[in-house]
Amino acid sequence: MRTLEEWLSLQESVHPQSIDMGLERVSRVAQALGVAAPAFAVLTVAGTNGKGSVAAHLEALLEAVGVCTGLFTSPHLTRYNERIRLAGSEVTDAQLISSFERIEQARGATTLTFFEYNTLAALVSFTDAGVDAAVLEVGLGGRLDATNLIDADVAVLASVGFDHREWLGDTLEAIGAEKAGIFRPGRPAILGTPQMPATVYQAIERLAARAVVAERDFRWQVHPGGWDYEGLTLSLHSLPPSALAGAIQYRNAATAIAALEALRATVDARSGVARLAGQLAALDERSAAAAIGHVHLAGRFQVIPGEVEWILDIAHNEPAARVLAAQLRERPLPRVPGGSKGRTFAVIGVLADKDAAGIGAALAGVIDHWIVCTLPGPRGTSAAELAERLPSGGAGSELAESVADGCELARREARPGDRVVVCGSVYTVGPALQWLRIY
């Protein structure tokens with residue numbers, strides 16, 4: 001019997017390409033496993049940025065009204081088990097191994113990528129657990145992503161920006177068309193912002209999908225006592241701020257609520273899910289407040305308070321870096337003894353195939369000192385190479401051979417009133433969380 005580590009090592013070598021966009025192979029194995037047409041409701045969430053936060057809010061809201069929920073996300077920060085959650089808890093090694101054994105038996109001569117194994121293991125786990133609803137976070141794009149083998153009851157597109165250009169295209173129109181591939185005829189398509197490429201709206205029109213658009217069909221209003229949500233049929237008042245930090249989370253939480261409004265209308269007309277319809281009808285101010293106030297998602301503007309504040313945010317592309325910069329500006333540094341303002345250190349590592357120059361330019365105005373880290377692996381880059389791609393303005397910089405070394409440098413140099421921002425990749429934030437011993 002293989003261990004989990006041995007299974008994961010095997011999965012990295014079964015298929016000749018680490019990324020091979022397409023649904024034919026994974027759909028064939030899903031059919032053999034009996035998970036291609038699940039009995040549970042499915043919400044699929046795509047987006048250049050915001051999809052992880054929307055998915056986390058969806059899980060919390062569903063659990064708050066008693067819905068047994070499966071959540072599939074990627075990549076993981078420190079443990080593979082993070083990727084698949086059942087009823088709010090990570091799956092065990094034993095559950096994963098059982099799923100992988102069944103996938104291996106079902107696939108025959110069909111080869112699968114690492115992510116395709118992961119998607120199938122999530123679907124097997126959700127089926128075995130008898131979940132009422134599952135939230136599937138798209139891995140890359142949408143149209144040809146393995147999660148798209150399932151026809152979503154509700155599709156959510158949080159945002160469209162530049163990322164993964166080698167796979168999705170060099171224009172926002174091309175990228176939007178790929179992400180809109182998760183929409184289905186006649187079913188709800190939730191847009192987390194109205195600022196979408198024309199191809200997104202064209203896909204909705206072509207499919208006769210039911211568009212639910214932020215700032216048009218659902219809105220949120222922030223006030224001193226909290227915030228209010230106004231949807232097509234649901235109004236919620238005096239909700240608390242999301243437990244996820246940053247003003248962008250009002251949008252993400254509202255998008256999740258709108259998706260559940262749409263899901264309720266969808267399952268009302270679907271046989272076999274009557275219990276889910278009743279549970280969704282219980283979403284009110286009390287349950288929503290409980291969910292939003294306790295939602296958790298590591299590595300997304302995650303604030304670790306202290307004399308030196310640490311903030312961890314994956315921010316692995318230029319649009320996400322712009323959001324991070326805005327959040328840092330919203331959270332001003334305190335004055336330190338002597339009246340001067342504290343400094344912001346960035347511990348940053350960026351994969352070689354990412355837009356490091358764009359990320360650095362977006363953050364340049366809020367960083368006083370760069371600590372540039374080497375990331376290992378075939379997609380990694382050395383600190384020296386990354387430093388050449390970052391802005392050479394007034395901020396100082398130094399190099400670190402690892403994220404742990406970078407965190408140690410920041411710890412030594414930061415003074416009370418300063419803050420340390422760890423960013424640039426999941427492969428930067430994950431090791432930093434381990435170094436901080438909080439995850």
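I take buried to be under 20% relative accessible area, exposed to be over 50% and partly exposed to be in between, with a 1.4 Å probe and protein chains only.

I note that the model is predicted, that local features need pLDDT of at least 70 and side-chain atom pairs pLDDT 80 or more, while totals for chains, interfaces and linings use all residues. Residues are numbered from 1 along each chain as its sequence is written, and side-chain values use heavy atoms, with hydrogens and water left out.

**Entry one: Ala325**

I looked up Ala325 in helix α12 (residues 318-330); helices are DSSP runs of H or I with at least four residues, numbered from the N terminus. Ala325 has a relative accessible area of 1% and is therefore buried. I found that Ala325 touches Ala362, Leu363 and Val366, leaving aside residues up to four places away in sequence; contact means heavy atoms within 4.5 Å. Between Ala325 and Val366 I noted 41 residues in sequence and 6.4 Å in space, C-alpha to C-alpha.

**Entry two: helix α1**

I listed Leu4, Trp7, Leu8 and Gln11 as the buried residues of α1 (residues 4-11). Seen down the axis of α1, they fall within an arc of 95 degrees, so they line one face of the helix; the arc is that of the directions from the helix axis to the C-beta atoms. These buried residues of α1 pack against α4 (93-107) and α5 (114-129).
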